[in-house]
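Let's take a walk through this model together, one region at a time. Keep the viewer open as you read.

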Amino acid sequence: MARIGRQTFALGAAGAAADRALAELARADAGRRLWQRDASLWTASGEERWLGWLALAEDSPATRATVAACERVASRARELGLAHTLLMGMGGSSLCPDVLARSFPAAAGHPSTLVLDSTVPAAVEAAAARIDPARTAFVVASKSGGTIEPNAFCAFFWERAVRALGERAAGERFVAITDPGSSLERLARERGFGAVVAGLPDVGGRFSALSAFGLVPAALQGLDLADWLARARAMARACGPDVAADANPGLRLGAAIGALAAAGRDKLTLAISPAIASFGGWLEQLVAESTGKRGRGVVPIDGEPLPAPDRAGDDRLFVALRLASAPDAAQDAALDALEAAGQPVVRIELDDARDLAGEIFRFEVATAIAGAVLGVDPFDQPDVESAKVEARALMAAYERDGALPSPAPLVRDGELAAFADPALGEVRTLDDALARHLARAARGDYVAINAWVAMDAAHGAALARLRDAVARATRVPTTLGYGPRFLHSTGQLHKGGPDRAVVLQVGAACARDLAVPGAAYSFGVLARAQAQGDFAVLVERGRRALRVELPGRESPSGDIDDLALRIARIAART
């Protein structure tokens, strides 16, 4: 029988709040009510309709049928001799496949996975450059079938595949993962896709990692689905309805996350072994989008170096996922120092990376329970839709006028332009705008850096330097998101969660644009509309937000470094 990751708590003085929450959950019979799909555990506003994820690991006819469908897709890819899988999705449809691609090498004879979830033209162009259409499985993943990003990706790569192979052979290489009856399913049938694998209407996107949305890419890269689901099933049993609250790993973790967030320790700071670090991106969406609403929420801090004990503040809960087969001594020492200083630390130790299947289920339970403690519906995302509405309005303006609305910037500095919420006031220079904006970050806040650039190594390194400069200047936790990925993740938290986000949006004009076949807009127009729409909603909600537009170069890394240097000088003066 598969084992589950070992979980230990060292919460210090913060442990009393977690203990009280756990006792209250036990009195309320929360573990059993979760499995009974009792919506009154949360807000009684329809949560029972979104709890199908509880059954995904069961050894049931439905699970076996899904596994068989996934394995047929993988078998056909091997017959065709395909070398790559291009997974085109967004949010819950792309983040688990990204974890799989980065955590596990493709098995011999199986295609390697590349995930595309960016509308930035350079990102689409980079994906196209890495694949041969004749040797690629194109997986279009969209629960609703109507999400604009995967639909645009599908149109772009369908045209390329047809040009290279003809319609029939191109169709054979396309796979759709979508809910029954969606527009994507209809398109797939019309074009003769090689397979359509059904999602489940009662499983929301960010809770779908153990469904077809995670299992199709897992099978394509040769992961053993029986073993993967057995590990998830072991965790499901450990979190089962008859397990006492203090012995239930998901419920106990959720009680701690929710109770400490309610008491002010709402920065869930993740320390994840480097070999499985991509799990933080999936977990970030699960926690932020599920809890960040009604002015409440948990802020996941992923990818930030662990602070020294004297810089940690009193608003953090540290959760570490340690891979026993690949320990990181520096990370372990940093956690030991934080615990010794009285910071609350939860440690979870995995035997190997395949134990992530169980961690998916543990954290799904924990997130649902944290939502119950905070009194929010963990299965909706009302503020994600608000940004989509604004972006659609901007796209409509583009189709009507031939250009996106172009508001006057707050200030220009050479090739750079800055825009801000009205509360920032008038400034004369970009440095003044940056200094005044970052000075608004106070104790209990965090700075969210949202970058509209391609997600690659060079940009990642430059953004890490920018993040470090911001952290030094503000002395508050930081997050880093790539657009439009973060819109389907932390974007909900920024707008609907507590007013603790100080947003720094960084966007670059595209050096080269790409057309979206059959559409009146390009990828560049779409990305810009999404960025402007997100910023407009932040301002409309009264959030503290500064947007810096960079010039269109082949790589904006140098301009990002320039921003970091400006902020470092600001920090040196304070």
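Predicted model: local features only at pLDDT ≥ 70, side-chain atom pairs only at ≥ 80, totals over all residues.

Residues are numbered from 1 along each chain as its sequence is written, and side-chain values use heavy atoms, with hydrogens and water left out.

Let's begin with the sheet of five strands. This open sheet has parallel pairing and the order β3-β2-β4-β5-β6. Strands are DSSP runs of E with at least two residues, helices are runs of H or I with at least four, and both are numbered from the N terminus; two strands pair if DSSP finds at least two bridges between them. Because β3 (112-116) and β6 (195-198) stand at the edges with a single partner strand each, one side of each has no neighbour in the sheet. From one strand to the next, the twist averages 20 degrees. Axes here are lines fitted to C-alpha atoms, for helices over the stretch in contact, and angles between N-to-C directions run from 0 to 180 degrees. For a closer look, find β2 (residues 84-88) and β4 (residues 136-141), which run parallel and are joined by five bridges. There, L86 has F138 in β4 as its bridge partner.

Two helices pack on this sheet. Helix α8 (residues 183-191) touches β4, β5 (174-178) and β6, and its direction makes about 155 degrees with that of β5; contact means heavy atoms within 4.5 Å. Helix α9 (residues 212-220) touches β2, β3, β4, β5 and β6, and its direction also makes about 155 degrees with that of β5.

Now turn to the sheet of six strands. This one is open too, with mixed pairing and the order β11-β12-β16-β15-β13-β14. Its edges are β11 (411-413) and β14 (478-482), each with a single partner strand, so one side of each is left without a neighbour in the sheet. Direction ignored, neighbouring strands are turned by 20 degrees against each other on average. Within the sheet, β12 (residues 416-420) and β16 (residues 544-550) pair in the antiparallel sense over four bridges, and A418 has V548 in β16 as its bridge partner. Helix α17 (residues 457-474) lies across β13 (446-452), β14 and β15 (501-508), at about 150 degrees to β14. Helix α19 (residues 523-540) lies across β12, β13, β15 and β16, at about 155 degrees to β16.

Some loops deserve a stop. Between β14 and α18 (490-496) sits P484, and the peptide bond from G483 to P484 is cis, with omega near 0 degrees. In the loop between α17 and β14 you will find R475, a residue other than glycine with a positive phi, near 60 degrees. R475 counts as exposed because its relative accessibility is 63% (buried is under 20% relative accessible area, exposed over 50%, partly exposed in between, with a 1.4 Å probe and protein chains only).

The largest share of the lining, eight residues, comes from α15.
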